[in-house]
Amino acid sequence: MTDIKNSILAGIFFGISMGVVFTLMYDSKYGIISGIASGLFFGTAIYLFAKSKTVQNQTKIENIEGQKIIYSGGANHFVNKEAVEGKLYLLTDSVQFKSHSFNIQNHSQTILLKDIKEVGFCYTLGIVPNGLFITTNSGIEKYVVNNRKIWKDKIEIQKQHL
């Protein structure tokens, strides 16, 4: 339920923003209404895309060799300023990300829990409280996730079990 709510809220935010722009650019009294309607459509379309069988199959991890999936969810991984959409997994010994093939920068990533130095929060666009960062010796990886506090807590608890 959180995914659809977040998708619709993002669509409404986008729609209101674009509605204001359209109203100012074209001096239209229908700019806000058309912006909100478009935003709702956009948010719903994004949700349906993310939940499609194609995307679900492409983001499924395989060959985890006895590892248990402790937590998982849709995520965006920031790579060279692109928010690459996919799925993030917390396993017994690692955090894994796998993108779907509709991205420009398709990739998979594995961060071993033993290599994690810090897990914390960041903000998307400097204002949206949905970012999670993971610091390792190699650098900082940033993700956009739902329930970032749950992600942080579960990663830290799992690190203690190593």
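Which strand is Ser99 found in?

Reply: Some ground rules come before the close look. This is a predicted model, in which local features need pLDDT of at least 70 and side-chain atom pairs count only at pLDDT 80 or more, while totals for chains, interfaces and linings use all residues. Residues are numbered from 1 along each chain as its sequence is written, and side-chain values use heavy atoms, with hydrogens and water left out.

Ser99 is found in strand 3, residues 94-99. Strands (E, at least two residues) and helices (H or I, at least four) are DSSP runs, numbered from the N terminus. Ser99 is buried, at 7% relative accessible area. Here buried means under 20%, exposed over 50%, and partly exposed in between, with a 1.4 Å probe and protein chains only.

Now its surroundings. Leaving out residues up to four places away in sequence, Ser99 touches Gln58, Thr59, Val84, Glu85, Gly86, Gln105, Asn106 and His107. Contact means heavy atoms within 4.5 Å.

Next comes the partner strand. Strand 3 pairs with strand 4 in the antiparallel sense, over five bridges. Two strands pair if DSSP finds at least two bridges between them. Strand 4 spans residues 108-112. Gln109 and Ile111 form its covered face, whereas Ser108, Thr110 and Leu112 form the uncovered one. In a regular strand, side chains alternate between the two faces of the sheet.

Two loop residues also deserve a look. Asn80 sits between strand 1 (69-79) and strand 2 (82-91). Asn80 is not a glycine, yet its phi is positive, about 50°. Asn80 is exposed, at 66%. Asn147 lies in the loop between strand 7 (139-145) and helix 4. Its phi is also positive, about 60°, and Asn147 is not a glycine either. Asn147 is partly exposed, at 38%. Most residues other than glycine have a negative phi.

Charge pairing comes next. The structure holds three salt bridges. The term means a side-chain nitrogen of Lys or Arg within 4 Å of a carboxyl oxygen of Asp or Glu. Asp115 and Lys114 form one, with the closest N and O atoms 3.7 Å apart. Asp115 is partly exposed at 32%, and Lys114 is exposed at 59%.

Helix 4 (residues 148-160) contains Asp153 and Lys149. Their side chains meet in a salt bridge at 3.1 Å, N to O. These two are four residues apart, so about one helical turn separates them. Asp153 is partly exposed at 30%, whereas Lys149 is exposed at 53%. Lys152 forms a salt bridge with Glu156 at 2.9 Å between the closest N and O atoms. Lys152 and Glu156 are likewise four residues apart in helix 4, about one helical turn. Lys152 counts as buried at 19%; Glu156 is partly exposed at 30%.
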